[in-house]
Amino acid sequence: MDDAKKDEVYDEFSDCVNMQPKELEEWLETEESKSVGDSDDGESTGHKSGGRIVEIKRTNKADLTDKQYELMQKVVGYIHRHLSQKPDGDIEDSNWRYSLMNWGHDPMKDDG
C-alpha cells in the first residue's frame with residue numbers, strides 16, 4: 001500500500017471510528033458487546049476487531065504497520081456496509097447498533 005493510499009485509509013478510518021479508545025474498551029467489556037456477531041470460538045469477529053481498533057487508535061500514525069492498515073480498510077468497509085442496513089425503529093438497544101459499536105462506530109453519535 002503506497003503512502004497516498006495509507007493517508008486515504010487513515011482519514012476514512014478516523015471518520016468512521018467515532019468512539020474513543022477508552023469508550024470502546026469499556027463497551028467491549030459489556031454483555032451486549034459480547035452477545036452480537038458471528039463467532040467461531042466464543043468471541044465474535046467484531047469483538048476481536050474492537051480490541052485491535054483500540055490499539056490502532058492509540059498508535060501514532062507513523063508507527064502503524066501494513067497489517068494495521070489492512071484492518072483499518074476492513075473496518076471502514078464493514079462500517080459502510082453495516083450502516084446501509086439500518087433497521088427501522090429505535091436503534092438504541094439493537095444488535096445492529098451493538099455490532100457497529102464493536103467495530104468502533106456508535107450510530108447514535110451521528111444524530112447528535
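Close-up 1. When its neighbours within four places in sequence are left aside, Trp27 is in contact (heavy atoms within 4.5 Å) with Met19, Glu32, Ser33, Tyr98, Met101 and Asn102. This is a predicted model, in which local features need pLDDT of at least 70 and side-chain atom pairs count only at pLDDT 80 or more, while totals for chains, interfaces and linings use all residues. Residues are numbered from 1 along each chain as its sequence is written, and side-chain values use heavy atoms, with hydrogens and water left out.

**Close-up 2. The two aromatic pairs.** A search of the whole structure finds two aromatic pairs; rings of Phe, Tyr and Trp (its six-membered ring) pair if their centres lie within 6.5 Å, and planes under 30 degrees apart count as stacked, over 60 as edge-to-face and the rest as tilted. The rings of Trp27 and Tyr98 have centres 5.2 Å apart and planes at 45 degrees, so this pair is tilted. The pair links distant parts of the chain, with Trp27 in helix 2 and Tyr98 in helix 6, 71 residues apart; helices are DSSP runs (H or I, at least four residues), numbered from the N terminus. Tyr98 counts as buried at 11% relative accessibility. For Tyr78 and Trp103, the ring centres are 4.3 Å apart and the planes lie at 20 degrees, so that pair is stacked. Because Tyr78 lies in helix 5 and Trp103 in the loop between helix 6 and helix 7 (108–111), the pair ties together parts that are 25 residues apart in sequence. Both partners count as buried, Tyr78 at 16% relative accessibility and Trp103 at 5%.

**Close-up 3. The buried face of helix 2.** The buried residues of helix 2 are Pro21, Leu24, Trp27 and Leu28. Seen down the axis of helix 2, these residues fall within an arc of 125 degrees (taken from the directions from the helix axis to the C-beta atoms), so they line one face of the helix. What covers them includes helix 3 (31–34), helix 4 and helix 6.

Close-up 4. Helix 1 (residues 3–16) has 14 residues and reaches 20 Å from its first C-alpha to its last, close to the 20 Å expected at 1.5 Å a residue. Its buried residues are Lys6, Val9, Phe13 and Cys16, and they cover an arc of only 100 degrees around the axis, which puts them on the same side of helix 1. These buried residues pack against helix 4 (45–57) and helix 5 (66–83), whereas Asp3, Ala4 and Asp15 are exposed on the other side of helix 1. At the N-terminal end, Asp2 caps helix 1 with a side-chain oxygen that lies 3.2 Å from the backbone nitrogen of Ala4.

**Close-up 5. Ser49 in helix 4.** Ser49, placed in helix 4, counts as buried at 0% relative accessibility. Not counting residues up to four places away in sequence, Ser49 touches Leu71, Asn102 and Trp103.

Conventions. Helices (H or I, at least four residues) and strands (E, at least two) are DSSP runs, numbered from the N terminus. The expected span of a helix is 1.5 Å times one less than its number of residues. Buried means under 20% relative accessible area, exposed over 50%, partly exposed in between (1.4 Å probe, protein chains only). A polar contact is a pair of N or O atoms within 3.5 Å; within protein, one must be able to donate a hydrogen and the other to accept it, and residues adjacent in sequence count only if both atoms are side-chain atoms.
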